[in-house]
Amino acid sequence: MPIADALIMWAHLVAASIWVGGSIFIGIVFAPLLKTMSDTVEGRLSIMIRVGRKFNKIAIPSLIILIITGIYNSSNLLINPSLILSTTYGQILVIKVILVIILLVTFAIHVRLIRVEIEKKIESKQFSEELVQKIRSKIIALGRITVIVSIAILLMAALLHSGV
């Protein structure tokens, strides 16, 4: 079914665009602008958390679509597991799956770190400035890891598509 396969690949690409593009936008464009939006670390962190939470409303469904369509796109290889480690395609796919697992773990930690009760404590200044700075540093580091791993996953997808 070439039309169905094309639509599934299209959904995969749209979801990847939302996930990776949004992540890069937040990290490269939005985060630097925060310094102009608030004078305090708490204020900047609160804005960042709210933006991240809003982005997650489209990012998480996109990530789910990516995983489902990715499994579908690799189903031909999964039918014959002996090809997974005996072909370059299979080896690249294994690397991509490992990167996806790293991405999911990193993202889960990131989401756990910015849960609602933490946001409320930051906004009500219940945390010391040092603790707020630590939380901010962790959020930034996890965000960077997410972007880097996402870009690496895109590279693996390009390699798979090119038939390397």
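**Entry 1: terms and overall layout**

I begin with the term I need for placing residues: a helix is a DSSP run of H or I that holds at least four residues, and the helices are numbered from the N terminus. With that in hand, I placed Ile65 in helix H2. I keep in mind throughout that this is a predicted model.

I then counted the secondary structure and found seven helices and zero strands in the protein, which I wrote down along the sequence as α-α-α-α-α-α-α. For the extent of the C-alpha trace I noted about 55 × 30 × 25 Å along the principal axes. Of the contacts between residues at least 6 apart in sequence, 75% join residues at least 24 apart.

**Entry 2: confidence**

I looked up the confidence before reading any side chains, and I noted a mean pLDDT of 88, with 100% of the residues reaching 70 or more. Going through the elements, I found the lowest confidence in helix H3, residues 75–79, at a mean of 76, and the highest in H5, at 92.

**Entry 3: surface and charge**

The accessible surface of the protein comes to about 10000 Å², and carbon and sulfur atoms account for 72% of that surface. Of the 164 residues, 34% are buried. I also looked up the charges, and the mean positions of the 16 positive and the 8 negative ones lie 3 Å apart.

**Entry 4: the nonpolar cores**

Which residues have the most contacts inside the largest nonpolar core? I noted Trp19, Leu63, Leu66 and Leu103, in a core that has 23 residues. The elements that give two or more residues to this core are helix H1 (2–37), helix H2 (41–73), helix H5 (88–113) and helix H7 (129–162). The largest share of the core comes from H1, with seven residues. I then found a second, separate core of 12 residues, which includes Val41, Ile122, Ile139 and Leu142.

Turning to Leu66, I set aside its neighbours within four places in sequence and listed contacts with His12, Ala15, Ala16 and Trp19.

**Entry 5: Phe107 in H5**

I placed Phe107 in helix H5. Phe107 has a relative accessible area of 12% and therefore counts as buried, the cut-off being under 20%. Beyond its neighbours within four places in sequence, I found Phe107 in contact with Trp19, Asn56, Ile60 and Leu63. From Phe107 to Ile140, 33 residues away in sequence, the C-alpha to C-alpha distance is 12 Å.

What does Ser23 contact, once its neighbours within four places in sequence are left aside? I listed Ile18, Phe55 and Val147.

**Entry 6: Ala141 in H7**

Ala141 lies in helix H7, and I noted Ala141 as partly exposed on account of a relative accessible area of 36%. I then looked at Ala141 and Thr106, which are 35 residues apart in sequence and whose C-alpha atoms are 9.9 Å apart in space.

**Entry 7: Lys125, a backbone point**

Where does Lys125 sit? I found Lys125 in the loop between helix H6 (116–123) and H7. I noted a phi near 60° for Lys125, which is a positive value in a residue other than glycine. Its relative accessible area is 56%, so I recorded Lys125 as exposed.

How values were computed
Residues are numbered from 1 along each chain as its sequence is written. This is a predicted model: local features need pLDDT of at least 70, side-chain atom pairs count only at pLDDT 80 or more; totals for chains, interfaces and linings use all residues. Side-chain values use heavy atoms; hydrogens and water are left out. A nonpolar core is a set of buried Ala, Val, Leu, Ile, Met, Phe, Trp, Tyr and Cys residues joined through side-chain atoms within 4.5 Å. Buried means under 20% relative accessible area, exposed over 50%, partly exposed in between (1.4 Å probe, protein chains only). Contact means heavy atoms within 4.5 Å. Accessible areas come from the Shrake-Rupley method with a 1.4 Å probe; for residues, only the protein chains shown count as cover. Lys and Arg count as positive and Asp and Glu as negative; His and the chain ends are not counted. The place of a charge is taken as NZ of Lys, CZ of Arg, CG of Asp or CD of Glu. pLDDT is the predictor's confidence in each residue, from 0 to 100.
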